Amino acid sequence: MTVQPYRLYIERVGPSKNMARFYALSIEPNLFGETSLVRSWGRIGSRGQQKIHVFDSEAKAVDLLLTLLRRKRARGYLPLQ
């Protein structure tokens with residue numbers, strides 16, 4: 001069971017390239033006692049897409065969350081200010 005809620009929302013905006021993207025990550029428990037990492041992404045203002053990864057432990061979900069966050073930060077995504 002997830003003890004600490006994890007939610008993250010970052011954006012990448014580039015007016016010169018007409019770019020306005022978002023990326024959201026959250027770790028949530030599912031009905032079977034497992035931990036899910038929910039990834040959502042797309043153009044700001046749209047519904048976007050979603051992918052769910054299921055793990056047997058919260059630590060593995062946090063590891064993937066941090067890996068994905070590093071990749072997105074390297075590509076220019078920033079938290080809202």
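Is K60 buried, exposed or partly exposed, and what is its relative accessibility? In this predicted model, K60 counts as partly exposed because its relative accessibility is 44%.

**Confidence.** Colour the chain by pLDDT. The mean is 93, and 96% of the residues reach 70 or more.

**Salt bridges.** Select K60 together with D56: the two form a salt bridge, with their closest N and O atoms 3.3 Å apart. D56 has 59% relative accessibility and therefore counts as exposed.

Next, select E28 and R7. Their closest N and O atoms lie 3.4 Å apart, and the two residues form a salt bridge. This pair links distant parts of the chain, since E28 belongs to strand β2 and R7 to strand β1, 21 residues apart. E28 counts as partly exposed at 28% relative accessibility, whereas R7, at 66%, counts as exposed. The count of salt bridges comes to 2.

**Positive patch.** Display the surface and select K17, R21, R43 and R75, which form a positive patch there. K17 is located in the loop between β1 (6–14) and β2 (19–29). With a relative accessibility of 62%, K17 counts as exposed.

**Nonpolar patch.** Finally, select Y9, V13, I44 and L80. These residues make up a nonpolar surface patch, and their accessible area together is about 350 Å². I44 sits in the loop between β3 (35–43) and β4; its relative accessibility is 33%, so I44 counts as partly exposed.

Methods
Residues numbered from 1 in each chain as written. Predicted model: local features only at pLDDT ≥ 70, side-chain atom pairs only at ≥ 80, totals over all residues. Heavy atoms only, no water. Patch = residues over 30% accessible without salt bridge, like charges linked within 9 Å, V, L, I, M, F, W, Y side chains within 5 Å. Areas by Shrake-Rupley, 256 points an atom, 1.4 Å probe, with all protein chains shown as cover. Salt bridge = Lys/Arg side-chain N within 4 Å of Asp/Glu carboxyl O. Lys, Arg positive; Asp, Glu negative; His and termini not counted. Charge placed at Lys NZ, Arg CZ, Asp CG, Glu CD. Helix = DSSP H or I, 4+ residues; strand = E, 2+ residues; numbered from the N terminus. Buried < 20%, exposed > 50% of the residue type's maximum accessible area, 1.4 Å probe, protein only. pLDDT = per-residue confidence, 0-100.
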